[in-house]
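Visitor: I have a few quick questions about this model. Can we go through them one by one?
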There are 2 protein chains.
Amino acid sequence: MSSTVAGRTILASTIAKCYNQEIEEKVKEIIQRRENHAAPLLVGFLANDDPAAESYAKWTEKTCKSMGFNYELRRIANKDFLEESIIEANRDDAVDGIMVYFPVFGNAQDQYLQQVVSMEKDVEGLNHVYYQNMYHNIRYLDENKTLKSILPCTPLALVKILEFLKVYNVLLPEGNRLYGKKVAVINRSEIVGRPLAALLANDGATVYSVDIDNIQKFTRGEGLKFSKHQVQDLGDNEPVLLEKVCKDADVIITGVPSPNYKFPTEYIKEGAVVINFSFHKNLNDDVKEKASLYVPSTGKVTICMLLRNMLRLVENREKLKQQIL
Amino acid sequence: MSSTVAGRTILASTIAKCYNQEIEEKVKEIIQRRENHAAPLLVGFLANDDPAAESYAKWTEKTCKSMGFNYELRRIANKDFLEESIIEANRDDAVDGIMVYFPVFGNAQDQYLQQVVSMEKDVEGLNHVYYQNMYHNIRYLDENKTLKSILPCTPLALVKILEFLKVYNVLLPEGNRLYGKKVAVINRSEIVGRPLAALLANDGATVYSVDIDNIQKFTRGEGLKFSKHQVQDLGDNEPVLLEKVCKDADVIITGVPSPNYKFPTEYIKEGAVVINFSFHKNLNDDVKEKASLYVPSTGKVTICMLLRNMLRLVENREKLKQQIL
């Protein structure tokens, strides 16, 4: 059986390793630059008992400590005190980065809480300013281009995975390295799917964005007034249309938050690249009979991106302090 | 039959009238102060065909024009162009206020779009900065207390209605005029129910906040580190608990967005004040057999508050310009 399977599995840990050295060196430099020689401190807030969040928290802690960061998990027994705890951490100069393990309330109150995290410490890149910059392809916070805008860490991780897998072609100019590539993204959440579709379209890809209701096409919006991706409705999410766009896709990225969902293997084009970022296994075991490269999970790369974001935030704060002095 | 009914219906239009003169005079003053004598311009964005939104848009236009404002409805055929249209209006110095008729996408993308509206033109008071100030009882944007923070207009309208109905007792000091009052709010959306519960708790009330899942109690959080309301879970939203808290309530405020929902009249305490802010009629016809005062809809007061917010925004912008000069 296995001799007929051409596909190769690439583990997130393999991809994450590429970033370890760069991150560890930067952490050391920051510690040296600091008067008190303190390691950058990431504070995680956990106010639920979701197993995915619990496991994500554990991995963040492990990765942080192995790379020279400090990490502190603050468990919040009463969700209604979470907001004040975040505000305290915003004000605490000893805290360099803040992340919240969502869902907390599982409704719009979570979006409110996200925005309570100070922009200067938002390692996940979920602040509205960062989001709006990302959707509009704006890379810096200031006109002098000294302060970098932060990208949301899961979409950023998926971009880095596509770079590792050589879906990004480095022979093409930066900003166009996905030119000609077609990507299906099975998720359109505000946290991953929609920003991811925008990022890939901004790099030249045609993206089929699939959510439970309908299928949209994201492309780079060159004719628009703003440097923003363009969105076109293709139709309802019906099997015929879904099969058509998926079979057309060079890359399939799944992120369905359900243990029961399985992406139909027969919709995968021979030799396509398949990536799953859901906590649940969205692909059937026979995925490698079709896929050339298969990445079964992405969490470890996401944590790397989170730590890279944290380094950027620390550097932004250092630059801001210098500008004030 | 009608002789046994003690309750009185108070129409939103009656309450709205109290604010007409104040608003009209301020508009005239602004027009006089302006070099080009232009009336303040409110731009409304409509990107759906929801009948409630359509009717709200019509009423905003009518009220605006009758009070001396300019109003422009911008219909957006393709939802995906809404963001750029909002950004254009943000940048256009001729636009004083912006509002979006939600829902647009009906998911988290709507919260993203809300935050795209510039804080300086957000007549609905939905910007995160205004929300966080409201939840924390902070009334000004600056330390010198010259720039007023904006309150979300529907919760603000409900506060003004409770003032009109004398539920607020002016013999008590400001900030404590609901002391001893119990209010049940049947809705806990981020747009109305939760901010309303916080505002009423901050004025001294005990608020039973009811959503589809559970019932919470909001009180003023005097023992907390921040001047913020306190929230306590009372239990699941089961008929026994719901009846208990509603029968304890001096005021019942309903906002269930469904044509089929009816609040059980038998849960209303004899002589209670009843207000419905849903577009749908949440109360049965026999409500006045129990309620002393009944306000069947609140939209016209909301529009007044929207225009009052707009005046504040215009004044804030004038003050900011003076500070820069």
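Visitor: How many bridges join strand β5 of chain A to strand β9 of chain A, and do they run parallel or antiparallel?
Guide: This is a predicted model, to be clear. In it, 4 bridges join β5 (residues 182–186) to β9 (residues 251–254) of chain A. The two strands run parallel.

Visitor: Which residue of β9(A) stands opposite A:Val185?
Guide: A:Ile253 stands opposite A:Val185.

Visitor: What is the strand order of the open sheet in chain A?
Guide: The order is β1-β11-β10-β9-β5-β6-β7-β8. That makes 8 strands, with mixed pairing.

Visitor: And which are the edge strands?
Guide: β1 (8–9) and β8 (228–236) of chain A. Each of them pairs on one side only.

Visitor: Switching to chain B. How many bridges join β5(B) to β6?
Guide: There are 5 bridges between β5(B) and β6 (residues 206–210) of chain B, and the strands run parallel. B:Lys182 stands opposite B:Thr206 there.

Visitor: How many residues of β5 in chain B are buried?
Guide: 4 of its 5 residues are buried, so the strand is mostly covered, with under 20% relative accessible area as the cut-off for buried.

Visitor: Back to chain A. Where is A:Ser278?
Guide: A:Ser278 is in the loop between β10 (273–276) and β11 (293–295) of chain A.

Visitor: Buried or exposed?
Guide: A:Ser278 is buried, because its relative accessible area is 8%.

Visitor: What does the side chain of A:Ser278 reach?
Guide: Two backbone atoms can be named. One is the backbone oxygen of A:Val256, at 2.8 Å. Another is the backbone nitrogen of A:His280, at 2.9 Å.

Visitor: Leaving aside neighbours within four places in sequence, what is A:Ser278 in contact with?
Guide: A:Thr254, A:Gly255, A:Val256 and A:Pro257.

Visitor: Helices next. At what angle do α5 and α7 of chain B pack?
Guide: At about 35 degrees, with the axes 9 Å apart. Helix α5 covers residues 128–135 and α7 covers residues 193–202.

Visitor: Which residues make that contact?
Guide: From α5(B), B:Tyr131, B:Met134 and B:Tyr135. From α7(B), B:Arg194, B:Pro195, B:Ala198, B:Leu199 and B:Asn202. They divide into 6 nonpolar, 1 polar and 1 charged.

Visitor: And α3 of chain B, how many of its residues are buried?
Guide: Helix α3 (residues 82–91) has 8 of its 10 residues buried. Among them are B:Leu82, B:Ile86, B:Ile87 and B:Ala89.

Visitor: What do the buried residues of α3(B) pack against?
Guide: Elements of both chains. In chain A, they pack against α5 (128–135) and β8. In chain B, the partners are β2 (41–46), β3 (70–75), β4 (97–101) and α4 (108–116).

Visitor: Last topic. What rotation superposes chain A on chain B?
Guide: A rotation of 180 degrees, with 0.0 Å of shift along its axis. The RMSD is 0.0 Å. The two copies are therefore related as by a two-fold rotation axis. The same surface serves both copies, as 100% of the contact residues of chain A recur in chain B.

Technical notes. Residues numbered from 1 in each chain as written. Chains lettered and ligands numbered in written order. Predicted model: local features only at pLDDT ≥ 70, side-chain atom pairs only at ≥ 80, totals over all residues. Heavy atoms only, no water. Least-squares fit on C-alpha atoms with pLDDT ≥ 70 in both. Contact = heavy atoms within 4.5 Å. Buried < 20%, exposed > 50% of the residue type's maximum accessible area, 1.4 Å probe, protein only. Polar contact = N/O pair within 3.5 Å; in protein donor to acceptor, adjacent residues only side chain to side chain. Pairing = 2+ DSSP bridges. Axes fitted to C-alpha atoms, helices over the stretch in contact; angles between N-to-C directions. Nonpolar A, V, L, I, M, F, W, Y, C, P; charged D, E, K, R; others polar.
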